[in-house]
Amino acid sequence: MIKEFRIRTTKSREVVDITNRVSECIKGVKEGICMVYVPHATAGLIINEFEPNIASDFVAFFEKLVPKAGWKHNVIDDNAEAHLKSGLVGPHALMPVSEGRLVLGTWQRIILCDFDGPRDRRVVVMVR
Ligand code: ZN
């Protein structure tokens, strides 16, 4: 099973909880491996806690980790740090599906990281 949905981000740097959207995609699947994937070079996915403070901490953390200036790619479209953050985080997240539900810990959510928004972001969900 493969499905896709879109998320419209509203800020230049944003993290969005997409867990409920992914859960909708796996309806009818009893058991399997769920891969969530973003086909983008300046976005990524993490699985972690999501509440307003840690959400803004993640944005600040990535800003501190990767400075904006000093990268060669900036001469092309001035977004090298967005690519580097995306490369660091990776474009996918994997989790089991059991008894028709995503197997996530109490505080775990699936989080889309947009490092170069606002944009329309595609999210692909595949279960095998
Ligand atoms: Zn670029």
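Biologist: Which residue forms a salt bridge with Glu4?

Modeller: This is a predicted model, in which local features need pLDDT of at least 70 and side-chain atom pairs count only at pLDDT 80 or more, while totals for chains, interfaces and linings use all residues. Residues are numbered from 1 along each chain as its sequence is written, and side-chain values use heavy atoms, with hydrogens and water left out. A salt bridge is a side-chain nitrogen of Lys or Arg within 4 Å of a carboxyl oxygen of Asp or Glu. At 2.6 Å between the closest N and O atoms, the partner of Glu4 is Arg122.

Biologist: How many residues apart in sequence are the parts that Glu4 and Arg122 tie together?

Modeller: Strands are DSSP runs (E, at least two residues), numbered from the N terminus. Glu4 lies in strand S1 and Arg122 in strand S8, so the separation of the parts tied together is 118 residues.

Biologist: Are Glu81 and Arg13 buried or exposed?

Modeller: Their side chains meet in a salt bridge, 3.1 Å from N to O. Buried means under 20% relative accessible area, exposed over 50%, and partly exposed in between (1.4 Å probe, protein chains only). By that scale, both Glu81 and Arg13 are buried.

Biologist: What spacing do the donors of the zinc ion follow along the chain?

Modeller: Donors are N, O and S atoms within 2.8 Å of the metal (3.2 Å for Na, K and Ca); water is not among the atoms, so sites may look incomplete. The protein donors come from His73, Asp77, Asn79 and His83, 2.0 to 2.6 Å from the zinc ion. Their spacing is H-x3-D-x1-N-x3-H.

How values were computed:
Helices (H or I, at least four residues) and strands (E, at least two) are DSSP runs, numbered from the N terminus.
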